[in-house]
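Thanks, everyone, for making the time. I would like to walk through one model with you, slowly, and keep the criteria in view as we go.

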Amino acid sequence: MTPTIASSSLAVWRTLLVLAVILVLLATTGWTGPHRARAVSLDSWEAAAASWRADRIGGRALPVPGSPSTTVAAFFSSLRPAQRVRLAEEHPLVVGNLAGVPVALRYRANRHALRRALAVERVRVADRRLSAEGHREAVRRAHRFSSLMSGGRQILAFDPSGQGRVAEVFGDLDHAERVSVVVPGVDTHLLTFQKTARRYTAPYGMAESLYSAEREAAPGVRTAVIAWADYTAPTGVGMDAATGRLAAEGSLRLVSLVSALPGTSRVSLFCHSYGSVVCGLAAHRLPGRVTDIAVAGSPGMRARSAAALGTRARVWAMRDVDDWIADVPYLDVGGLGHGADPVAPEFGARLLSAEGAAGHAGYFVPDTDSLRNFAEIGVGAYGSVRCADAADTCRSGIYGAGSVRPA
């Protein structure tokens with residue numbers, strides 16, 4: 001058999017393998033079943049945006065949602081403090097999610113939006129017409145909204161519509177030297193944003209753990225970490241998780257977030273599972289302040305190589321030896337699958353140790369190599385990362401302006 005024929009046969013067999021996996025999953029996981037309807041807040045984004053567009057301040061129209069963050073920032077800087085507060089209180093859902101609005105004002109607006117959403121859910125909780133399932137969901141949503149309002153939490157984005165989206169900040173975002181963004185994967189929404197059991201599998205726990213690890217790694221570096229659940233993630237391991245549609249939409253939101261961050265901080269992205277698909281699609285649009293993209297448990301980044309991502313950021317990858325994601329076919333056939341394996345040597349990522357991570361969901365657990373490596377990257381202490389190979393090749397060619405060592 002000639003090399004050409006052998007290569008062609010291998011490609012055919014790999015394609016058939018992917019199709020077989022798809023058929024099995026279609027039969028066993030309900031990929032084609034309808035999604036269960038979710039409660040929609042009365043204060044929906046559509047209604048809030050319409051009210052915003054109809055308003056005026058000082059005779060001027062308000063910037064259209066989706067305007068460049070620089071346009072929004074210039075508009076808000078031209079307002080008097082009382083005018084900013086008025087907009088935050090009267091249009092909290094828009095102001096709390098508008099890229100370019102001052103961070104402190106977004107926190108304030110989102111507290112108002114949470115208060116409104118909580119009032120809606122309390123009415124639903126008392127509604128005797130709700131089914132038992134609907135009542136349980138209303139109770140859970142009310143509990144989540146109440147929790148997000150507690151203890152001075154810094155909510156950077158909040159939308160209660162549908163399954164809901166949220167982003168939360170740990171640290172002082174306005175004055176941070178280094179900002180880390182945690183981008184989670186499937187089953188990410190308001191009700192899964194924070195968990196008591198399996199704490200470090202939820203965006204809140206991931207970001208909280210990373211923030212603590214970064215402060216321990218470099219106490220003298222001003223850091224902030226964002227738990228970013230502000231995109232519509234796939235529900236379960238279904239068709240949405242096997243395609244890039246939701247990741248493409250999420251990538252635009254991620255670019256908007258990073259582009260509007262205050263100050264001149266350097267930014268690192270830490271992307272888990274399907275979140276790495278989001279990061280991969282965003283990579284070529286990210287601003288230059290993004291210095292590092294690190295992926296863990298990745299099903300692929302929708303690129304054949306790190307170079308093909310089209311970013312100047314360093315690309316890091318890790319996978320625990322017990323992570324089931326390794327058994328997913330790393331292919332892209334007709335839009336199904338997410339392409340090459342980021343931990344394959346030929347992909348060209350800097351390969352990190354994930355020792356101690358214990359499977360697909362353990363990368364942010366304290367006292368693991370995976371979390372320590374994330375923290376060292378987050379603070380710029382590249383000389384302290386532990387590579388996947390004994391030769392420490394992942395650290396080659398990094399040193400230069402901006403790298404720091406732990407205090």
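This is a predicted model: local features need pLDDT of at least 70, side-chain atom pairs count only at pLDDT 80 or more; totals for chains, interfaces and linings use all residues.

Let me start with a question: is Asp292 buried or exposed? Asp292 counts as buried, at 0% relative accessibility, where buried means under 20% relative accessible area, exposed means over 50%, and partly exposed is what lies in between, with a 1.4 Å probe and protein chains only.

Residues are numbered from 1 along each chain as its sequence is written, and side-chain values use heavy atoms, with hydrogens and water left out.

As for the overall picture, the protein has 12 helices and 10 strands, where helices (H or I, at least four residues) and strands (E, at least two) are DSSP runs numbered from the N terminus. Of its 407 residues, 53% count as buried. Taking contact to mean heavy atoms within 4.5 Å, 68% of the contacts between residues at least 6 apart in sequence join residues at least 24 apart.

Back to Asp292, which is found in strand S8, residues 290-296. Once its neighbours within four places in sequence are left aside, Asp292 is in contact with Arg178, Val267, Ser268, Leu269, Ala313, Arg314, Trp316, Ile377 and Tyr382. The C-alpha atoms of Asp292 and Ser180 are separated by 9.4 Å, although these residues are 112 apart along the chain.

Cys394 is found in the segment after H12 and is buried, with a relative accessible area of 2%. In that segment after H12 we also find Asp392, which counts as partly exposed at 31% relative accessibility and has a positive phi of about 55 degrees although it is not a glycine. Ala358, likewise not a glycine, has a positive phi of about 55 degrees; it is found in the loop between strand S10 (350-351) and H12, and it is exposed, with a relative accessible area of 63%.

Now to the aromatic rings. Rings of Phe, Tyr and Trp (its six-membered ring) pair if their centres lie within 6.5 Å, and planes under 30 degrees apart count as stacked, over 60 as edge-to-face and the rest as tilted. By this rule the count comes to 9 aromatic pairs. One of these is the tilted pair of Phe170 and Tyr211, at 6.3 Å centre to centre with 35 degrees between the planes. That pair links distant parts of the chain, with Phe170 in strand S4 (residues 165-171) and Tyr211 in helix H8 (residues 203-217), 41 residues apart. Phe170 and Tyr211 are both buried, and together with Phe193 and Tyr204 they form one aromatic cluster.

Finally, helix packing. How do H8 and H12 cross? The axes of H8 and helix H12 (residues 369-379) come within 8 Å and cross at roughly 65 degrees, the axes being lines fitted to C-alpha atoms, for helices over the stretch in contact, with angles running from 0 to 180 degrees between N-to-C directions. That makes H8 roughly perpendicular to H12, on a scale where under 35 degrees is roughly parallel, over 145 roughly antiparallel, 65 to 115 roughly perpendicular and the rest oblique. Residues making the contact include Leu210 and Ala213 of H8 and Leu371 and Phe374 of H12.
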